[in-house]
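Work through the exercises below with the sequence and the model open. Each task is followed by a solution in steps.

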Amino acid sequence: MDINDILQIIVSPTTAAFALAAIGLNFHYGLTGLLNMGQAGFMLIGMYGYAITVSQGGSMWLGILISFVGAILFALFLGWPTLRLRGDYLAIVTIAAAEMVRLIGRSQWLKEWTGGNTGLRGNQFKGPFENLSPFQPARIVEIGPFSFHTTIWWLMLVGWVAVAVAAGLFWRLNKSPWGRVLKGVREDEDAVRSLGKSVYSFKMQALIIGGVLGAAGGVIWAHGNAVQPDSMGRVTTFWIWTMLLLGGAATVLGPILGSVLFWAMFVFIKQLAPLVLPNLAPQQIEPLALAFVGIGLILLIVFRPQGILGDKREISLNV
Amino acid sequence: MRNANHAGQKARHFPLRIALLSTLTVAAITVISAVPAQASQLATEVADTSGGTETNLLLQNLLNGITFGLLLALASVGLSLIYATTGLSNFAHGEQVTFGAAAAFAAVTAGAPLLLAAVIAVAAGGASGWLQDTVLWSQLRKRRIAPMQQMIVSIGLALAAVNLLQIWMGAQRVRLSTSIEVRYEFGPVSIGPQTMISMAVCIVALGAVGFFLQRTRLGRATRAVSDNPALASATGISVNRVIRIVWIMSGSLAALGGVLLALYENTSDFSAGARILLLMFAAVTLGGLGHPFGALVGSLVVGVVAEVSTVFLPTPDLKYAIVMGMLILTLLVRPQGLLGRKERVG
């Protein structure tokens, strides 16, 4: 058992990236009650938009712009047919559209840009961001129990600042008149409609903001790993849901706490499993840890749907 | 009052009818599968003599699409029935399909012949449906947990199940049958005997489901529950019992679908069902969410579109992306699906 591994995953860029995506989902589900089952698709759109722009010679800022514009267009494309329909239609369409993005991304058709099923390697797009790093020269730096390369420290700094900004945005918007309308939509669409608000437009705005945050999470994830279409499948969306529901939907810090706990527990179970079950083959450890994620999600919904920080009165899943 | 008594007496025959229906289905499978066993030798000769003829790509893909559509229909009819009776979009249905293939593979590995393995898989699938409903879903309904919340529970179940299946089966691909497929040629198309049996089994099983829904009392009760559970309950139908039976049926049909899919693709692995989950959702939505025959119509459309599109697409690996696009388009122009009733869904 290595406590350092758990501490390292807690601060890692992956955790920050998923926290961002979960905050985005919190805008959809926690605030507005939208069942977006395609958050991984938003992440994938974000990382493709960024990585393709940069690998084709664009600047980093253009890459970020294109990644956000991509997420906005994706949200419009998803919301247009479904936001007028019942909640489960949005769930099916978002999951289908996210899958479509993944299938097109991994297809041989656009291999020249997307790199097909192997995706894009880090050295094709990480350069501009890493060159901005103020931590020079590039070497491994140890602070307390954490030992990372300077580029990772830089990425972690940017990632967690982005998480803080997103959480601040959620906190501010949640308290604003705009946020109250969204919560009204979540609780009773017809009541909001009767007050003269355009429910459709408010839902669309929430979908776009959450989607852009998902895309930002995708860009950070890609910097910590690489662009891999198959690691952004349906299951990834389900993880983000687990994080949000674990921490507590409709709370400011819930998604962040959820992401931290999710990854910490994931590493913890992976380390614990060989000690408890010595007969387990090494390749069976990860599936076992992931099976616990699923069981955890079931128990969460049944026994504590509001999560750790949430308020049971606020969050009722009657979409 | 007399009518109610009458219904009560009839109710005791429900399990009997189910048993009869299953026996008939299994018997039909046995008879059909016995035929090509003799025919396969003949087939080799046929295939040898006509090896040079070209098959028509479009027609061949159409046939493949219909075959795949039938398999998809078998796998997804349970998804549709569960949605109709409980309002649950069951994301763990893909794992039901995989479970069928896994159970059959375990039986084959233990030395059972393929047919017995298929029967074991169907029984195990039904048992898993019963177990799930008893332990999980009926409890959730009792606690009045909303269908959307139940949907997230099913996602958790899917996550747990797919990983447990991976631990059970391993990450490698497995094969249920090691025999080499011969192919018959019929004019412009060719088809293997195994595929023909699969199609026949699909048609028989789907016919049995159709007969069950249209002609038996329990089937009518099922349709009544899917129409309006409260009203059905008020007329003396035991809603929970109908749902329990729907879960059993759904589990066994998905398992049968999984076995046939493994034979059709000639390979299976722990994610075989998860891969077709969205195709099943597309099929069920396209046909009309909750409509009993929607799954069949939708599946055939999905199967044909997926296979035929490979002729026109720049790369064939986009075929499922086309289906996803079609699903989104359907919801845009006709959200109630092809067969669904027009109702306000927003």
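Predicted model: local features only at pLDDT ≥ 70, side-chain atom pairs only at ≥ 80, totals over all residues.

**Exercise 1.** Determine how helix α4 (residues 93-109) of chain B and helix α11 (residues 272-287) of chain B are oriented to each other, and which residues meet.

*Solution.* 
Step 1. Two packed helices are described by the angle between their axes and the distance between the axes.
Step 2. For α4(B) and α11(B), the angle is about 135° and the axes are 7 Å apart.
Step 3. Angles over 145 degrees would count as roughly antiparallel, and 65 to 115 as roughly perpendicular. The pair α4(B) and α11(B) is therefore oblique.
Step 4. The crossing of α4(B) past α11(B) is right-handed.
Step 5. From α4(B), the contact takes in B:His93, B:Gly94, B:Glu95, B:Val97 and B:Thr98. Their partners in α11(B) are B:Ala272, B:Gly273, B:Ala274, B:Ile276, B:Leu277 and B:Met280.
Step 6. Sorted by type, the residues of this contact are 6 nonpolar, 4 polar and 1 charged.

**Exercise 2.** List the buried residues of helix α8 (residues 217-227) of chain B and state how they are placed around the axis.

*Solution.* 
Step 1. B:Leu218, B:Gly219, B:Ala221, B:Thr222 and B:Val225 are buried in this helix.
Step 2. These residues cover an arc of only 155° around the axis, so they lie on the same side of α8(B).

**Exercise 3.** Is A:Asn174 buried or exposed, and which residues beyond its sequence neighbours does it contact?

*Solution.* 
Step 1. Locate A:Asn174 in helix α8 (residues 150-175) of chain A.
Step 2. Its relative accessibility is 14%. The cut-off for buried is under 20%, so A:Asn174 counts as buried.
Step 3. Set aside neighbours within four places in sequence; the contacts of A:Asn174 are then A:Leu31, A:Gly179, A:Arg180, A:Lys183 and A:Ala250.

Methods:
Residues numbered from 1 in each chain as written. Chains lettered and ligands numbered in written order. Heavy atoms only, no water. Axes fitted to C-alpha atoms, helices over the stretch in contact; angles between N-to-C directions. Helix = DSSP H or I, 4+ residues; strand = E, 2+ residues; numbered from the N terminus. Parallel < 35°, antiparallel > 145°, perpendicular 65-115°, else oblique. Left-handed = near helix turned anticlockwise from the far one by under 90°. Contact = heavy atoms within 4.5 Å. Nonpolar A, V, L, I, M, F, W, Y, C, P; charged D, E, K, R; others polar. Buried < 20%, exposed > 50% of the residue type's maximum accessible area, 1.4 Å probe, protein only. Arc of directions from axis to C-beta.
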